[in-house]
Amino acid sequence: MKKLIAVILFLVCTFGLVSCSSGEKHTVEIVIPAGSTRAFVYSDEEISPRKDYIIVSAGAGIASTQVVLAPAGTDGQNTYEPVTVKQREAARISAEKGAWFKIGVGILNPSDRDITVSVEVENVDIRIE
């Protein structure tokens with residue numbers, strides 16, 4: 001009986017983890033540090049395209065901004081140009097299928113407080129650095 005319960009719990013947990021990564025749309029949050037003047041600030045999460053492209057749109061805290069992919073580690077062989085994303089206007093970005101990337105946004109934060117923004121991404125798997 002204990003083995004059966006353990007197997008059922010294992011299956012439930014496995015299904016839960018698989019369903020978390022198989023959803024179509026993911027929200028990636030990016031913290032813009034106080035006083036940041038960097039051209040791009042990158043996410044802690046990493047994304048990997050399931051096909052040869054991803055779909056990105058502006059999320060919370062963003063009306064319009066530049067978004068760029070940066071290869072994480074040594075996976076990516078290509079460089080990627082920034083694209084503009086807006087609320088309700090998704091952008092399609094060609095990307096190396098199966099490679100891992102950090103996603104960056106071009107937002108300045110001259111204030112004395114961190115701000116958190118998000119982008120919506122589709123057609124990706126996500127992992128946390």
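This is a predicted model: local features need pLDDT of at least 70, side-chain atom pairs count only at pLDDT 80 or more; totals for chains, interfaces and linings use all residues.
## A sheet of five strands

Five strands line up as an open sheet in the order S5-S4-S7-S2-S9, and their pairing is antiparallel. Strand S5 (83-86) and strand S9 (124-128) stand at the edges with a single partner strand each, so one side of each has no neighbour in the sheet. On average, neighbouring strands of this sheet are turned by 40° against each other, direction ignored. Such angles come from axes, which are lines fitted to C-alpha atoms (for helices over the stretch in contact), and run from 0 to 180 degrees between N-to-C directions.

Residues are numbered from 1 along each chain as its sequence is written, and side-chain values use heavy atoms, leaving out hydrogens and water. Strands (E, at least two residues) and helices (H or I, at least four) are DSSP runs, numbered from the N terminus. Two strands pair if DSSP finds at least two bridges between them.

For an example of pairing, look at S4 and S7: five bridges join them, and they run antiparallel. Here Pro-71 has Phe-101 in S7 as its bridge partner.

## A sheet of four strands

There is also an open sheet of four strands, in the order S1-S8-S3-S6, again with antiparallel pairing. S1 and S6 are its edge strands, each pairing on one side only. From one strand to the next, the twist averages 35°.

You can follow this sheet pair by pair. S1 and S8 are joined antiparallel over eight bridges, and Val-28 has Val-119 of S8 as its bridge partner. Four bridges connect S8 (residues 115-122) with S3 in the antiparallel sense, and there Ala-58 stands opposite Val-119.

## Strand S3, covered on both faces

Is S3 buried or exposed? Six of the six residues of this strand (residues 53-58) are buried, so S3 is largely enclosed by the rest of the structure. Buried means under 20% relative accessible area, exposed means over 50%, and partly exposed lies in between (1.4 Å probe, protein chains only). Tyr-53, Ile-55 and Ser-57 are buried on one side of S3, and Ile-54, Val-56 and Ala-58 are buried on the other.

## The nonpolar core

In soluble globular proteins, nonpolar side chains tend to be buried together. A nonpolar core is a set of buried Ala, Val, Leu, Ile, Met, Phe, Trp, Tyr and Cys residues joined through side-chain atoms within 4.5 Å. The largest one here has 25 residues, and those with the most contacts inside it are Ile-47, Val-56, Leu-69, Ile-103, Val-105 and Val-119. The elements giving two or more residues to this core are S1 (25-32), S2, S3, S4 (64-71), S6, S7 (101-105) and S8.

Contact means heavy atoms within 4.5 Å. Leaving aside neighbours within four places in sequence, the contacts of Val-56 include Val-67, Val-85, Ile-93, Ile-103 and Val-119.

## Ser-43 in strand S2

Ser-43 lies in S2 (residues 41-49) and counts as buried, at 1% relative accessibility. Its side chain reaches the backbone oxygen of Glu-45 at 2.6 Å. Apart from neighbours within four places in sequence, Ser-43 is in contact with Val-28, Glu-29, Ile-30, Lys-102 and Ile-103.

## Two salt bridges

Side chains of opposite charge can pair when their charged atoms come close. A salt bridge is a side-chain nitrogen of Lys or Arg within 4 Å of a carboxyl oxygen of Asp or Glu, and by this rule the count comes to two.

In one of them, Arg-127 pairs with Glu-46, the closest N and O atoms being 2.6 Å apart. Arg-127 lies in S9 and Glu-46 in S2, so the pair ties together parts that are 81 residues apart in sequence. Arg-127 is partly exposed at 35% relative accessible area, whereas Glu-46 is buried at 7%.

Asp-125 and Arg-50 also meet in a salt bridge, at 3.0 Å from N to O. This pair links distant parts of the chain, with Asp-125 in S9 and Arg-50 in the loop between S2 and S3, 75 residues apart. Asp-125 is partly exposed at 28%, and Arg-50 is partly exposed at 22%.

Key: A polar contact is a pair of N or O atoms within 3.5 Å; within protein, one must be able to donate a hydrogen and the other to accept it, and residues adjacent in sequence count only if both atoms are side-chain atoms.
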